[in-house]
Amino acid sequence: METMNFALVGVGGQGVLLASDILAEVGVQAGFDVKKSEVHGMAQRGGSVLSQVRWGDKVYAPLVGKGEVDFLVSFELLEGLRWLELLKKGGIAIVNDQRLPPLAVSSGGMEYPSQERIDKALSQASKEYHIVPALAKAQELGTERATNVVLLGALSNHLDVAEEHWLKVVEERVPKKYVELNRKAFAAGREL
Amino acid sequence: MKVLLSGNEAVARGAYESGVAFASAYPGTPSTEILENIVQYDEIYAEWSPNEKVALDAAIGAAYAGKRALAAMKHVGLNVAAEALFYSSHTGFDGGLVIVSADDPGMHSSQNEQDNRHYAKFAKVPMLEPTDSQEAKDFVGLGLEISEKFDTPVLLRLSTRICHSSALVELGERKAIEDDRKPFARNPAKYSMIPGFARRRHPVMEQRLKDLAEYAETFPCNNVEWGDRSLGVVANGVSYQYAREVFPDASFLRLGMSWPLPGELIGDFASKVDKVVVVEELDPFLEEHLKMMGIEVAAGKDFFPILDEFNPGIVRDAAHEAGLVDETVEVQKIDVGELPPRPPVLCAGCPHRPVYYMLKKYGLVVDSDIGCYALAVLPPIATTDTLGCMGASIGVAHGINKAGVEERAVATIGDSTLWHAGMPGLLNVVYNKSNTVTIILDNLTTAMTGHQPHPSTGRTLKGEETVKGDFEALAQAMGYQEVRTVDPLNLKDLEEALKASLDSNEPAVVVTRSPCIFLYDERPALHYVDLERCNACGRCFEIGCPAVIRSDEIHAKSGKAKAEINSILCFGCAVCEQVCARNAIHMVEE
């Protein structure tokens, strides 16, 4: 199999790293060689976060450069634009319909990109992109913390991996009392 | 069994499996998780030491005592520990010692991107460099064996992309180590480096390097992978993985031991390929060695950048530029326009923020240090003039004040950083009598690296209760007459303490003590803006809090946006309430 490259991006605190842990482990369950790369440290303080996951028969590098990502999963609209260059021609973007204005917008003078600009950029970069209400779905289930699992559900529709692998890993990775909620979040994501 | 482990988790596992009994470190990105993972193994004594020098001294002591030991640090930590590295290179040990140096090419969370391979050559010790998590684990054990066989410390060099990348690792069992307490093998001629003894050790070190160079020739992880012989790639660490992707058909010489280098193996490889290229992050360490051997390097640092970390795209573009590969990856041209940046910021409610707000107001020269408060360099706070390394703030402020400038220079330094490297500078101010005010930002934790305990938290890495170091008593013992403690979230008290300290014109210490917001179980309060009263003066924006944002409501007279408080981000510190001149900001009553 051609190596499959994922980039998960968002804002510190949104659950990007947990989602990439789950995605990496699902790759292992499905029998792939897997590598994952992320940067800790300053990213925790509300900064932009990027995590990369690769599945393949044999994976060398733990990350790829611009133009090499098959699936860009963005937890936030602006961050989706910020990392769009990673997407390969023909790659798929899945973007959570959530705006988190950075300080430069909320108390500085800069503008958050307009919906029109977001749509235009996404349509230029990708022949298939999905802006999905993952946050709203998670909130319907009772907690925005499940947004990451909703997004994984949406991503799973594009991947040829049995649902049971996903659910098994989700169960292992989330606290016991939230397992049922996250199963529902994953199912909600698959319907998006 | 194979499991996904990050490089740091793998090093911890390697320490466990290879019978390490003692592990020490000071937290520092990207190395922090090594000790955080080692702590799970009851068989290993593990500690956060106050700094890397102490961590290494302690690990050396454990190795003198015959135990297998590991000390871990980020690349600049090895600068702090360098003196210990050099004497330990002279002495060797009874037990094995591996020193982990986690380098940070790209400076994700560091003040420089120094290449610590130079330390191996400098201190005349061997260095191993894993290419993935499996090797990160295995090289701990291999390093300990080399350490014991050649009576030397061994440097294990990781990089951010090894530390923080995960890959599949085969787990093993812990090596059985006999745990009998033996008498300390006294040997002053070996372990006490007075000149007379050190002179006898130096030739031993030189011979050791020769022996190690011979060993390097057959070291299993200095390995050749034959492919198309028109191109031979020499690579190390994670660069090897990137090069593997870019040159799938080439022949490879992977150097898992980057010092000393295997001359015969390198020469033989070079002679059997048409063209040699060297792919290594940061400095031309391998390249210079090859050139010194008389090997022609077709592409090295003239194509593969000396700056920043690599990724497959960067290596591919450089290889294309050098004419080594025909194609590059097409990067789509997308017009996203100018995007607002999202740098990390001090959290809403952070007790460091009001200190800088006040320092800005006074127009002081601010010499700062390493910690979350380094974020005060950048807008919106932008109240830091110098920032060098752990502990630099106090010495620099002292020098500026002694040199004489119109403004006063003050030092700001965090609690963990003060214990790490601030004490001698603090002593210097009072001993040599400058009017420097040192502000100890005590948030009761090592916040930036993820809230590790330190010598005044009352807890050890293993979670045991212990003594709490006392900054005020420390300053008094040093001879300070002007010592004040204040809650920085109370602006009036903070201002009074700063003013009194500055006015005294004496060496002074102000401890601003308030817990990091991550130490609270729940936020103490939540605030809101009374839009009727707000006149859009903008004073609350000057604090630079991410929770204080511009609302959609415009003040009619000034045409400016009134303030609003983001109820998700607000932590209830009430600093905005105190700066508001219109009494428009209030606590939400539950």
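Two strands count as paired if DSSP finds at least two bridges between them. The legends below refer to a predicted model.

**View 1. Strands β2 and β4 of chain B run parallel within a sheet.** The two strands, β2(B) and β4 (residues 69-74) of chain B, are joined by 4 bridges. Within this pair of strands, S24(B) is placed opposite A71(B) of β4(B). The sheet around them is open and has 7 strands, in the order β3-β2-β4-β5-β7-β6-β12 (chain B), with mixed pairing. Its edges are formed by β3 (45-48) and β12 of chain B; each has a single partner strand, so one side of each is left without a neighbour in the sheet.

**View 2. An open sheet of 6 strands in chain B shows parallel pairing.** The strands follow the order β16-β15-β17-β18-β20-β19 (chain B). At the edges stand β16 (386-387) and β19 (482-486) of chain B, each of which pairs on one side only. Strand β15 (residues 365-368) of chain B is linked to strand β17 (residues 409-414) of chain B by 3 bridges in the parallel sense. Here D367(B) faces A411(B), a residue of β17(B).

**View 3. Two cis peptide bonds and a positive phi are found in loops of chain B.** Most residues other than glycine have a negative phi, and most peptide bonds are trans. The bond joining T29(B) and P30(B) is cis, with omega about 10°. P30(B) belongs to the loop between β2 (22-25) and α2 (33-38) of chain B. A cis bond also leads from W259(B) to P260(B), where omega is near -15°. The loop that holds P260(B) runs between β12 (257-259) and α12 (263-271) of chain B. K124(B), a residue other than glycine, has a positive phi, near 60°. Its loop lies between α6 (117-123) and β6 (127-128) of chain B.

**View 4. Chain B and chain A meet at an interface.** The size of an interface is often given as the accessible area lost when the parts come together. For chain B and chain A the buried area is about 4,600 Å², and carbon and sulfur atoms give 59% of this. The residues in contact number 54 from chain B and 56 from chain A. On the side of chain B, the most area is lost to chain A by Q332(B), P340(B) and R342(B), which together give 18% of what that side buries.

**View 5. The largest cavity has a volume of about 120 Å³.** Rolling a probe the size of a water molecule over the atoms shows where empty space is left. The count of cavities of 30 Å³ or more comes to 7. The largest cavity is lined by 17 residues, and those closest to its centre are G349(B), C545(B), V548(B), C573(B) and C576(B). By class, its lining consists of 13 nonpolar, 3 polar and 1 charged residues.

Terms used
Residues numbered from 1 in each chain as written. Chains lettered and ligands numbered in written order. Predicted model: local features only at pLDDT ≥ 70, side-chain atom pairs only at ≥ 80, totals over all residues. Heavy atoms only, no water. 1 Å grid on protein atoms, 1.4 Å probe; cavity = no way out; pocket = protein on both sides within 12 Å on 5 of 7 lines; lining within 4 Å. Points joined across faces, edges and corners; volume = space filled by probe spheres on them. Nonpolar A, V, L, I, M, F, W, Y, C, P; charged D, E, K, R; others polar. Contact = heavy atoms within 4.5 Å. Buried area = accessible area lost by both parts, 1.4 Å probe.
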